[in-house]
Amino acid sequence: MATNDPAVPTPERRWLRTFAFDPMSTRLTGRYLRLDIPYEDLRPGPIGQVVQVVDYDPVRKVWYSPLDLSDPSTLAQDGLRPSESDPRAHQQVVYAVAMSVTERFERFLGRRFSWHQQKPLRLVPHAFGGRNAYFDPRRRAILFGYYPADETSPGANLPGQMIFSCLSSDIIAHEVTHAIVHRLRRHYSEATNIDVLAWHEAFADLVALFQHFIHRDVLVAAVAATSGDLLKGGGLLDLAAEFGESSGMGKALRSVADVKPDPLAFAATREPHARGAIFVAAVFDAYMAAYQDAIADLLRIATGGTGVLPPGRLHPDLVNRVADEAARMADRFLGMVIRAFDYLPVVDVDFGDVVRAIVTADYELFPGDTNQLRSRLVEALRRRGIYPRPVSSLADDALRWPAPTEELTLGAIDVAAAVHEETRRLNRTRITQTAQSGTEVANARRLAADLNQWATDHAPEIGLEPGAAIAVIGVHATYRQGENHQPRPEVVVQFGQRRDDLENPDLDRRKRVAVRAGTTLIADLEGRIKYVVAKPLPTRDPASLPNDPNDPGCRNDKLGRARLERLEAWMEQLETVNALSPWTSEPALLRLDFAALDCADYGEW
Ligand SMILES: [Zn+2]
């Protein structure tokens, strides 16, 4: 009921209060946070277009009364004051953090993000009794557990006090990231090599950690407390402090500072969270180096040229400027990693692929690498033992994904039209986000059919089998800004293919491990293909290939043979080590899921 005349425009943003970053930390610091998220019309729940909170507690068999954020008394004061004892505050916290994380992805990916068939992700804040939280792809939901704090070692909590994983911003951000990764690369839940699940975990932790840097107050406090040396504490680089302490660990669940630089650790670490943590630590090594560099001039100005800080507190002006740099650098590094997503293979990713995707995506926008952020990251990863195996050097040229040897274009397929549609979507704000129109659906179908035909015609060149069905998994137009601030639209196409002929014929098709090939193509607006990121398999009919080792079809066939051998060896040893491996407590690859992965028994999520 609008009573203003003329009407006041609908707001674009909404502010909601959360803990910083969990109830324990808020108790210790007295600090709450305010998250700045897109405004949308909400039904009680909150139920929005991107996420939907479903607050049924199956342990107590009760539906908690849903929070109405449209009620003037919540609207006017940025939601409820966060409280452990009011389930509606829990609903608010999960909604706010999930929206904030999703929006950050959109910004870095340069396109609108939507869930499969535009169905919102469900958040269930009181889903079970237990020290865990996990994403369940089948239910399209994130399930948060709650549990009594450890009786003998509860940290800064009371023994036996109820701890809610849904109140930890870190846990929410981590699980929402799992869900987003699952949406962007569905087959990354199939652990076809040692890195796939570790990458899932690394990425979820990175997003959760970098989420700390968007809060100005927290950053300023951390810079002031550590005189700018962020590794020295301030909690900025710790994940899930309350969860870790209340579980009797005596410290945060994971901390960047705990992962010591050891070049041999990566090769020896199998468990996905621990392996992923090495990648995360390397990103923060590079981050810290770049940040120190960025503030060096400020410190020199502040110290009359010596750069050596006197004991005691920094001047508040200096704290503010240093915090600016810390935030700017965090944005740049998180952007570098998130943007790489479009350049990743469709299946069977490993950390070498991640390095190559980061370098390629960043090179496209910042070819000069002026502040050496990219080269610092590559070097930091190498020092921790993470680099792509087949490349000849760690120079940009060697690390970038290969361009097609001969010019390859999408021909008459009108990719510019797809870009045009994405522009329209970007121009719509989220509150008016509607289902696709009939014309949009028809256009998307036609584009997929054309691309499918194109892929069949060019299958050997792009690492796919012409004799097997090819699926168009995704077509996206993205907008990014490069060094020169010009928009850089690109079209990213993902193809996938299941190779029944290479699978074990003795088992039922639904019960055996799928053997998949997949290819990501990056094209410009004219349809010229810039990069082909293929995970090929051997061709069915080698006799059809020319006898020329430089022919792309022959090369892909050879790479495919090597890949299939690796895949078979991996699956075989997975069955053998299965009983010993914490994340394969269910038999082998097919039965892996996020619940087993973010497993309560190990206090990891
Ligand atoms: Zn996880």
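Predicted model: local features only at pLDDT ≥ 70, side-chain atom pairs only at ≥ 80, totals over all residues.

Reader: How do you know that the span of helix H3 agrees with its number of residues?

Author: At 1.5 Å a residue, the 23 residues of H3, numbered 87-109, should span 33 Å, and because the end C-alpha atoms are 33 Å apart, the two values agree.

Reader: What caps the N-terminal end of H3?

Author: Asp86 does, with a side-chain oxygen 2.9 Å from the backbone nitrogen of Arg88, a distance that falls within the 3.5 Å cut-off for a polar contact. Just after H3, Gly110 takes a positive phi of about 75°.

Reader: Why is the chain called as compact as a globular protein of its length?

Author: The chain holds 17 helices and 15 strands. Its radius of gyration is 25 Å, and the globule rule gives 25 Å for 605 residues, so the chain is as compact as a globular protein of that length. Buried residues make up 54% of the 605.

Reader: Which residues touch the most other members of the largest nonpolar core?

Author: Within that core of 131 residues, they are Trp199, Phe279, Tyr287 and Phe333, while helix H9, residues 272-302, gives the most to the core, with 17 residues. Leaving aside residues up to four places away in sequence, Phe333 touches several residues, including Phe210, Val283, Tyr287 and Leu377. Apart from this core lies another, of 27 residues, among them Leu410 and Ile470.

Key: Residues numbered from 1 in each chain as written. Heavy atoms only, no water. Helix = DSSP H or I, 4+ residues; strand = E, 2+ residues; numbered from the N terminus. Expected span 1.5 Å × (residues − 1). Polar contact = N/O pair within 3.5 Å; in protein donor to acceptor, adjacent residues only side chain to side chain. Core = buried A, V, L, I, M, F, W, Y, C linked by side-chain atoms within 4.5 Å. Buried < 20%, exposed > 50% of the residue type's maximum accessible area, 1.4 Å probe, protein only. Contact = heavy atoms within 4.5 Å. Rg over C-alpha atoms; globule rule 2.2 N^0.38 Å.
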